[in-house]
Each structure stands twice: as C-alpha cells, then as structure tokens.
Amino acid sequence: MLIQQNITALKMERQFLSHKANEQEYCELYRDTQPGQNVYWNGFGDPPSITFRADFNDIEYNRERQRTREIVKGRFQGGNLGWIESGDMELFACLCRKTLDKPTFAQQTLLDLIEREGPMNIQLMKEMSGMLVKEITPVLHRLQEAFLIYEDQYDGEWDRGWYKFREMFPNVDIQKYTKIEALKIVLKRFAYRNVIFSTEMMKSFYKLPGKDIKTAITELLNDGEVKELESRYLLKTDYDLLQSTSFEVKQSVFVMHRNDFLVKSNEYCIKEKYKHPEYDVLQYILIDGEFCGAVLFKNGPYIIENVIVDPGYETRKDEIIDAVYRVNSCEKSPIKRFMGKKVR
C-alpha cells in the first residue's frame, strides 16, 4: 500500500489541504513548517501566512502573535528573513547561525554602538556613526545572521529598534545544540509534514549544506527513526502507517505562492521545470496534491500572461482558472492566455 498516491493523500492531510486546521492544529503546523514567510509578491509587510490551511484568518492571527512576540523575526534560511516561534529561537540559532569571528571595522562600529547606547533605529545609527544607510543595512544583516543583534519588528511600522540579541533573549543558549543535533530535530518535523523527502528538498527549504543534511539523515537512519525508499526518506512511523492504512486523494486545485512551504520544499525541481524565457513565475499550481503547472506574469502591471499545466490537465481548464482567480483579482490581474491560447 506504500504507493505514491497514498503518500500524496497523507501529505495533503498533514498539510491541512484536505480539511482546514483549527487554532491548535495550525500552531502545530506552523511549528513544523517554520520559518514562516508572508505571501509572495502581494503580501509585503504582512505577517506570515500558511495559505489555505486555517479555518480562520491566519494573517490577523499572526499579526497578534507578532505584537505579543510569540513569533519573532530573524535571518534563518541562507540569510533570508522569516518568522519563528520565540520558544524555538534557541533551536534555529544553533541551526542557522553564521559565526562572526573577525568583524570588519563597520561591523564592530555598529556592534559597539548598540552595546554602548542601547536599542536604536537605523536613522540614529546613521547620525551617531557617520555611515550611510546603504552601508549600515548590509552590516546589520550580517550581525543578524550571527545572532549578535535582533530587529524588533512587532508591528507593521518601518521605524524599528535594533537590540543586542542577548538583551532580547537572555535565556537563549546559542550553543545548546550542535548544528547536526538541531538539524535532526527540524528534519523530523519536515519529514512529518512532507511525508516523504529527499536531501534536495531539505537543501531547497533550509538552504543548508548538503553534507550536513546527509550526516543528519545518516544518524537518523542508524537510530532507526527514518527509512530509505528509493533515494528518498520517510519517518519509520510513517512507513509503517502507509503499509497498513489507505488514504484517499481528494480532487483539488490550489494556486500556491512562491513562499509557501510546499513550494519552497520542491523549489529545486519546479523552478527549473516551469522556468520561462520571457515571464516570471508568480505562483505554482498544485493539482490533486502534485505540482502540475504555473502562473506566469511580467513585473509591472501585474497582468497574468499565461497559465501553463502539464499534459493531461488541460481538460480541467475552468477549475484551474477559478483557482487562479481565488488568489488573483479578475479585474486587476486578468488572465491573458491559458496554455498559450487567449482566454475570452
């Protein structure tokens, strides 16, 4: 019974795409799929969202979690911004920290300034250091990656304070876990929500070195917590579950933005598959639990130039177009073409 269709159906359940998550289920899903990000392209400045999964407005829910600092901002996946639960800061610091053994003059200047003067915004740093904003910003990003400073974005305002990391997180031990120990923890969460995964998927999502991922997988294989299946891996508990239980794939079409967990997990292959010489990919199309197409657009007027799907799915054109318009405005972003042919 361990066939791809059964795996896909279980994945859709775990992702709450076959039914909606309540608040507790959503928090568990968020924990397993963090760092969370906002909706790609049209969610700039908004709190993170796990689109389609919740039976409530999760953007407003996460806005409140930002305000109370239940979720906090940082640079985690290859230096990219994301939001994690504050209780997992220790775990992600150990996983993602890029140590800074020899700070540059500019890095040391800003670090000393924040140490000496306390929290401040970028404008005050500019006045006190004499540096330009364009010089300050990359320095702050690098200090963030080293978990030496923290940007306190608890609302949508632009004027944010920068703090010493240990001032905001005095109880966080950034050396509690080795990188491999931390990776094994998040790997099991990642496996649970994807059901089956590969090293390429882990690299795609977490932006970590392949050798570290392979080391973590090997240790979990040796511990008997993970099983290998044709160069892919799944939790031993899920292997047993899929052997004994049949899950049903429900017919569905979801148009997923580029920051979605499933998109990021599979970006290494779908990005290349749907790459276009003239247009950018705005969203990917998940049909019956598998990525089977893309929404293409040009940066500018935000008009959808083309919707493309894999062979065999053209017959579901109306269903696919309806799904595209569920996340894009029919008036502001009309679809010009479906599979290269004009849409009336």
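Which exposed residues does the face of H11 turned away from its buried side carry? That face carries Lys-211, Lys-214 and Asn-222. Here exposed means over 50% relative accessible area, buried means under 20%, and partly exposed lies in between (1.4 Å probe, protein chains only).

This is a predicted model, in which local features need pLDDT of at least 70 and side-chain atom pairs count only at pLDDT 80 or more, while totals for chains, interfaces and linings use all residues. Residues are numbered from 1 along each chain as its sequence is written, and side-chain values use heavy atoms, with hydrogens and water left out.

**Helix H11**

Helix H11 covers residues 210–222. Helices (H or I, at least four residues) and strands (E, at least two) are DSSP runs, numbered from the N terminus. The expected span of a helix is 1.5 Å times one less than its number of residues. For the 13 residues of H11 this gives 18 Å, which agrees with the 18 Å between its end C-alpha atoms.

The buried residues of H11 are Gly-210, Asp-212, Ile-213, Ala-216, Ile-217 and Leu-220. Seen down the helix axis, they fall within an arc of 165°, so they line one face of H11. The arc is taken from the directions from the helix axis to the C-beta atoms. These buried residues pack against H9, helix H10 (199–206), strand S5 (226–229) and strand S6 (232–235). Contact means heavy atoms within 4.5 Å.

Asp-212, which lies in H11, has a relative accessible area of 13% and is therefore buried. Leaving out residues up to four places away in sequence, Asp-212 touches Lys-179, Ile-180 and Leu-183. After H11 comes Gly-224, with a positive phi near 80°.

**Helix H10**

In H10, 6 of the 8 residues are buried, so the helix is mostly covered. The buried residues are Thr-199, Met-201, Met-202, Ser-204, Phe-205 and Tyr-206. Their packing partners are helix H2 (23–33), strand S1 (71–77), H9, H11, S6 and helix H13 (261–273).

**Helices H4 and H9**

Two packed helices are described by the angle between their axes and the distance between the axes. Helix H4 (residues 89–96) and helix H9 (residues 179–194) pack at about 115°, with their axes 8 Å apart. Axes are lines fitted to C-alpha atoms, for helices over the stretch in contact, and angles run from 0 to 180 degrees between N-to-C directions.

On the H4 side the contact is made by Leu-91, Phe-92, Cys-94 and Leu-95, and on the H9 side by Lys-179, Ala-182, Leu-183, Ile-185, Val-186 and Arg-189. These residues divide into 8 nonpolar, no polar and 2 charged. Ala, Val, Leu, Ile, Met, Phe, Trp, Tyr, Cys and Pro count as nonpolar, Asp, Glu, Lys and Arg as charged, and the others, Gly among them, as polar.

**Backbone angles**

Most residues other than glycine have a negative phi, and most peptide bonds are trans.

| Residue | Phi |
|---|---|
| Lys-207 | about 55° |
| Asp-288 | about 50° |
| Met-339 | near 55° |

Asp-288 sits in the loop between strand S8 (280–287) and strand S9 (290–297), and Met-339 in the loop between strand S11 (337–338) and strand S12 (341–342). Asp-288 is partly exposed, at 21% relative accessible area. Met-339 is also partly exposed, at 33% relative accessibility.

The peptide bond from Gln-34 to Pro-35 is cis, with omega near 5°. Pro-35 is in the loop between H2 and helix H3 (58–67).
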